[in-house]
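Welcome, and thank you for looking at this structure with an open mind. Please take a moment with the sequence and the 3D view, and then read on.

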Amino acid sequence: MPASCSPSSITVQALHALLLGDQELALLDVREARAFVGGHLNLARLAPLSSLGLEVQALVPRQGTPVVLVDAGDPQGPAPRAAKLLARLGYTDVRVLAGGTVGWQAAGLPLIDGYATLVKAFGGQVLARHATPTLPGAALRALREAGRSATLIDARPADEYAFLSLPEAHNHAGTELALRQWPSEGQPGPWLVHCFSRTRGIIGSTTLRLLGHSDAHFLEDGVMQWALDGAPVRSDARPAADLPVAPDAELRRRADALIGRHRLPLLRPDTLSRWRAESDRTLYLFDLRPGAEAAPDIRSIAGGQLLMHFENLVGTRGARIVLLDDPHHLRAAITAFWLRQLNQSEVWILDGEPPDSWAANAASTAMAGAFEAIAAAAGAGLAADEVAALLASEPTRVRVVDVGPSADFERRHLPAADFLLPSTLAPLAALLEAGLRIVFASPDGHAARWVAAQARERWPEGRFDWLRGGTAAWQAAGRPTAQRWEPAQLLTSFEDDWGSVMRVSALHRDRAWVDYLAWERGLGARVAQDPTVRFRLF
């Protein structure tokens, strides 16, 4: 839309009616994460303005999708600006929720606090529905004291496992856990499945039992409760040896049983090819195989993580999801089983391989072209050595501004770099007035390039560059990075910090973890009161 035009709006009542239906709709909350976790619509996806341009193509891959943008209802808030950005990227049906979250709540409709709430609430409902056997940490310690064996399995990805884990725990993330041999096939003792808190431990242990593992249990409240009890935990851990994988015939038997029992739909490759050519439906393709090579329009993600990160990966309700897997189909069958019960999308299992000559479809190409038309204004960027030379020759005339996520800034950034959350570029004005040349940085360079393009558009006379390859390229070139920072380096605050319990300082950890576990235990019942949330538990 032209810069002078106001975006179309939608009333609270009209949006509520849409959410009670089944048609495609992308409901995007474009506030930053800190505001989002304070209270948001149950079915909204977090799509902050600071990273919207970079992420919307994957989150909402069809430009004709009906999109509703949400903020707090301020006419100067991020939703109107996000609407103009989406129009530039080619989206044709974008509206802003009139009154935002304030108006929604004033109409007597519920908001929910927290992050990834839909999937976590679903996990609580699964635990109640299946009455999954649950073992407190104290019971496990008693088993060990009695000399009885048990197999501990952490169902998180390797990086989360390394952050903090239980001693002697194996690490098989998501659906990879279901590919193991059962105890009757040579592994003694009960299996105790856990994650950092609850959801992945619940889903993992329940999945095993549904597939036929009769001695699988949920280790209650995972690593968090274990540490709160004063039991030992490990940082930077390497997992114990892998549990053996079951034979392919057994994996196929498990998949076929699940597919047959619950009528999980299979899709032929020729039908998938036809769907990719259609312009009136949204299609998400996920390859669940570990180490799968990237392909146009296909995102590679371990199956169990697709469920856990669903709200970050699938922005359009009512879309089609197609799952790619090995010939045994077990990862896809498990993922489809749970996603169909989450009841946000159509879910299909690809029965065969996609064509060898798989090219990006026309919609993806068009959107990529619209993005590139904006980003190209950033220019070619500077290599790490060029930035280093620039800083050495003009140390007082050059300012590095990191525009990546604040969590990455805390982990590492260029020495003396400032931090800017690019939902606003206003703080750059003071740097320009001081005659400074600005070099943008970000973890991989993508955000830096995008922000450089926007800055050049806003201030054509300003001197802007960006670090090609980002902080990763800087470090790979042997250049030093820093973790410490001073308050003066923050051009904006860390509004993208959604309050991860893994980011809490040691001083406040126990209180934060106790509060978090209480919040997650009660989440399922709270979300279930919203009629727009319609889990369909088999």
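Predicted model: local features only at pLDDT ≥ 70, side-chain atom pairs only at ≥ 80, totals over all residues.

The expected span of a helix is 1.5 Å times one less than its number of residues. Helix 9 covers residues 199–211, so with 13 residues its expected span is 18 Å. From the first C-alpha to the last, helix 9 reaches 18 Å, close to that expectation.

Among the buried residues are Arg200, Ile202, Ile203, Leu208 and Leu211.

Next, let us visit a meeting of two helices. Helix 6 (residues 117–130) and helix 15 (residues 330–342) have axes that come within 11 Å and cross at roughly 105 degrees. Angles of 65 to 115 degrees count as roughly perpendicular, and that makes helix 6 roughly perpendicular to helix 15. On the helix 6 side, the contact is made by Leu118, Val119, Phe122, Val126 and His130, while helix 15 brings Trp338, Gln341 and Leu342. By type, the residues of this contact divide into six nonpolar, two polar and no charged.

Leu342 turns up again in the largest nonpolar core, which has 99 residues. Leu342 is among the residues with the most contacts inside that core, along with Leu15, Leu27, Trp104, Phe286 and Leu323. Helix 15 gives the most to this core, with nine residues. To picture one of these residues, find Leu323: leaving aside residues up to four places away in sequence, the residues it touches include Phe286, Leu306, Ala336, Trp348 and Leu350. There is also a second, separate core of 26 residues, which includes Ala26, Val67, Met367 and Phe371.

Finally, let us stop at a few loops. Ala131 lies in the loop between helix 6 and strand 6 (134–135). Its phi is positive, near 45 degrees, in a residue other than glycine. At 58% relative accessibility, Ala131 counts as exposed. Glu168, in the loop between helix 8 (158–163) and strand 8 (170–171), has a positive phi near 75 degrees. Glu168 is exposed, with a relative accessible area of 58%.

One more loop, between helix 21 (470–476) and helix 22 (509–528), holds Glu486. This residue counts as partly exposed, at 47% relative accessibility. Glu486 and Asp418 are 68 residues apart in sequence, and their C-alpha atoms are 9.2 Å apart in space.

How values were computed. Residues numbered from 1 in each chain as written. Heavy atoms only, no water. Axes fitted to C-alpha atoms, helices over the stretch in contact; angles between N-to-C directions. Helix = DSSP H or I, 4+ residues; strand = E, 2+ residues; numbered from the N terminus. Parallel < 35°, antiparallel > 145°, perpendicular 65-115°, else oblique. Contact = heavy atoms within 4.5 Å. Nonpolar A, V, L, I, M, F, W, Y, C, P; charged D, E, K, R; others polar. Core = buried A, V, L, I, M, F, W, Y, C linked by side-chain atoms within 4.5 Å. Buried < 20%, exposed > 50% of the residue type's maximum accessible area, 1.4 Å probe, protein only.
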